[in-house]
Amino acid sequence: MKQELVLDVSDLPPPEPLEKVLEATETLASGQYIRMLHRQEPFPLYDVLGDIGFKHLTRVGQKTSFEIFIWRNSDEAAELAVFTTIGGA
Amino acid sequence: MSTPSRLSLTQAPPISVPLRFFFTAPFFGILAALVQINAGPDAVSQWTPTTLAITHLLTLGYISMVMIGAMSQILPVVAGSPLPRPLLVSSVVHTLLTLGVLALASGLLFGRGEAVLIAMFLLGAGLTVFIGAAAYSLILANADNATVSGMRVAIVALAITVVFGLRVAAEHVLHLDLPIAKSWTHAHLTWGFIGWVGILVISVAYEVVPMFQMTPKYPQWMQRWMTKMILVGLLFWTSVYLLAIIDSTIWNILTLLLSFYLAIGLSVFAGVTLYLQSQRQRRIADLTLKFWRLAMVSLLLCTSLWVVGQFWPSLGNWRNIGYLNGMLFIFGFAVSVIIGMLYKIIPFLVWLHLQRQNTRRIKLPNMKEIIPEQRIRWHFVLHLMLLPLLAGVAIKPVWFVYPAATLFGISSLLLLFNIFTALRIYQGYYTSM
Ligand code: HEM
């Protein structure tokens with residue numbers, strides 16, 4: 001199973017990016033994380049993620065302006081995978 | 001390079017912070033309509049007590065009310081920098097503003113100096129708290145965002161509008177009738193319209209027009225310079241205009257030139273926005289787009305009418321040209337943008353806050369279901385019908401004042417009803433979670 005779920009929302013008008021990523025969080029299996037590609041920092045999303053039990057990390061992206069990594073609070077395998085990706089790339 | 005995002009999790013204010021402002025605005029719209037219906041056609045003219053009262057019911061009670069609520073929401077989203085103590089600040093500002101507008105409007109309507117004096121304290125205090133809080137958050141915000149730098153200019157303009165407003169209000173308290181009085185009023189309303197309302201709409205447009213309407217971005221030079229150039233223009237205009245009180249031809253010509261400069265600035269903004277909208281990627285014209293278009297066309301009409309009036313003496317001397325221009329700016333430009341934005345912001349807020357509470361992940365309504373599209377379309381039609389009626393009011397008040405005021409009253413009632421529907425949905429789900 002792929003650990004990384006890439007979600008490019010950079011061409012979608014609001015509120016679709018938010019809707020899409022929240023749908024994606026529901027399908028996330030253990031060990032998986034989302035890499036969201038976006039044209040701006042989705043500040044409102046951060047609040048929602050915190051409240052529904054997800055962590056996130058944002059960095060300046062390569063293809064799009066921002067990349068947001070999202071994984072479950074308790075999911076240490078996913079967290080490790082995120083840090084490895086960020087450290088490596 | 002990776003940067004951990006700011007982990008402050010409560011960036012966005014509680015939903016009650018912006019909603020209290022949005023919910024109050026339509027009440028002031030209804031009140032303005034009732035005051036106009038009660039006063040009838042004789043009151044249609046600039047400077048009548050009725051006009052002064054409804055002007056502030058609309059500019060402060062409706063337009064600024066929504067703009068302040070929207071800023072409390074937009075600052076954390078766009079700038080990542082929320083207002084400090086949002087709940088406290090918004091309660092104080094909202095209460096003082098609401099009471100202050102009521103006091104100012106009744107003081108101006110009934111010629112009661114005491115009420116105007118009370119309004120000066122309430123509005124002075126309320127708006128100072130808001131200006132202070134917004135300035136604090138804008139100073140902390142990321143500076144190279146055009147929306148942030150534009151909002152800074154708008155806040156400066158609001159502060160200057162308030163100072164001039166207090167100055168002219170003092171004349172009403174003291175019943176002074178100095179010959180220079182109208183110059184201060186003119187400075188006050190120019191800063192209010194072009195500086196506060198105009199510049200804030202421009203700053204917000206940089207962000208929301210490309211984002212919601214999928215248009216290309218505004219040109220870089222425009223994002224960088226336009227709001228600052230308008231601010232500089234306003235500063236020069238004010239100094240020259242107030243000096244022109246010492247009546248001399250040179251000063252008057254300079255004032256006129258600077259007014260042209262400001263009119264051109266606003267027209268360029270409207271023109272570029274209409275152009276960008278014609279270049280949008282998605283062909284479906286959503287209703288927000290229509291409200292914005294209407295606003296831009298009205299703004300162009302407003303500036304053209306003003307310029308034509310300068311060159312065509314018989315139009316320029318027509319008693320109601322200033323009245324018509326003001327009404328076009330208020331209803332055609334500002335209110336159109338506001339209604340269009342509210343129908344985007346409110347469903348989004350309700351949906352977002354429901355998502356946040358939804359830890360059990362129950363099925364939530366779609367954003368489009370929160371305020372039915374059909375009702376927004378109705379509102380657009382009502383609002384569109386209002387604009388030709390306003391021209392009618394300025395030309396033939398006896399015929400048009402009642403239909404126009406009634407129509408705006410109904411339009412505000414519909415807005416109230418739609419906001420109320422959204423709140424009911426929010427509460428319905430909130431209690432079941
Ligand atoms: C602290 C807030 C404010 C106070 C105390 C205030 C007070 C006043 C007063 C006393 C007048 C009448 C001047 C006269 O009789 O010559 C006036 C006129 C006017 N004000 Fe304000 N004002 C405030 C805010 C605003 C804002 C925010 C706007 C617009 C965005 C605005 C727009 C106008 C306009 C358009 C007029 C002229 C109305 C007409 O042509 O009949 N005011 N204001």
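In which helix of chain A is Thr25(A) found? Thr25(A) belongs to helix H1 of chain A, which covers residues 16–27. Please bear in mind throughout that this is a predicted model.

Is Thr25(A) buried or exposed? Its relative accessible area is 1%, and because buried means under 20%, Thr25(A) is buried. Its side chain reaches the backbone oxygen of Leu22(A) at 2.5 Å. Leaving aside residues up to four places away in sequence, Thr25(A) touches Ile34(A), Leu49(A), Phe54(A), Ile70(A) and Arg72(A), as well as Arg361(B).

I turn now to chain B and to helix H7, residues 220–243. With 24 residues at 1.5 Å a residue, helix H7 of chain B should span 34 Å; the end C-alpha atoms lie 35 Å apart, which agrees.

The next topic is aromatic residues. Over all chains, the structure holds 17 aromatic pairs. One of them joins Phe164(B) and Trp184(B): the ring centres are 5.5 Å apart and the planes stand at 55 degrees, so this pair is tilted. Phe164(B) is in helix H5 (residues 146–174) of chain B and Trp184(B) is in helix H6 (residues 181–213) of chain B, so the pair ties together parts 20 residues apart in sequence. Phe164(B) is buried, at a relative accessible area of 10%.

A second example is the pair of Phe193(B) and Phe329(B). Why does this pair count as stacked? The ring centres lie 4.6 Å apart with the planes at 25 degrees, and planes under 30 degrees apart count as stacked. This pair links distant parts of the chain, since Phe193(B) lies in helix H6 of chain B and Phe329(B) in helix H11 (residues 321–357) of chain B, 136 residues apart. Phe193(B) counts as buried at 16% relative accessibility, and Phe329(B) counts as buried at 6%.

Which residues form one aromatic cluster with Tyr62(B)? The cluster consists of Tyr62(B), Phe331(B) and Phe408(B).

Finally, I come to charges placed over rings. The charged end of Lys182(B) sits over the ring of Trp47(B), at 4.4 Å from the ring centre. Likewise, Lys396(B) has its charged end over the ring of Trp399(B), 5.2 Å from the centre of that ring.

Thank you for your attention.

Key:
Residues numbered from 1 in each chain as written. Chains lettered and ligands numbered in written order. Predicted model: local features only at pLDDT ≥ 70, side-chain atom pairs only at ≥ 80, totals over all residues. Heavy atoms only, no water. Helix = DSSP H or I, 4+ residues; strand = E, 2+ residues; numbered from the N terminus. Buried < 20%, exposed > 50% of the residue type's maximum accessible area, 1.4 Å probe, protein only. Polar contact = N/O pair within 3.5 Å; in protein donor to acceptor, adjacent residues only side chain to side chain. Contact = heavy atoms within 4.5 Å. Expected span 1.5 Å × (residues − 1). Phe/Tyr/Trp six-rings, centres within 6.5 Å; stacked < 30°, edge-to-face > 60°. Lys NZ or Arg CZ within 6 Å of the ring centre and 35° of its normal.
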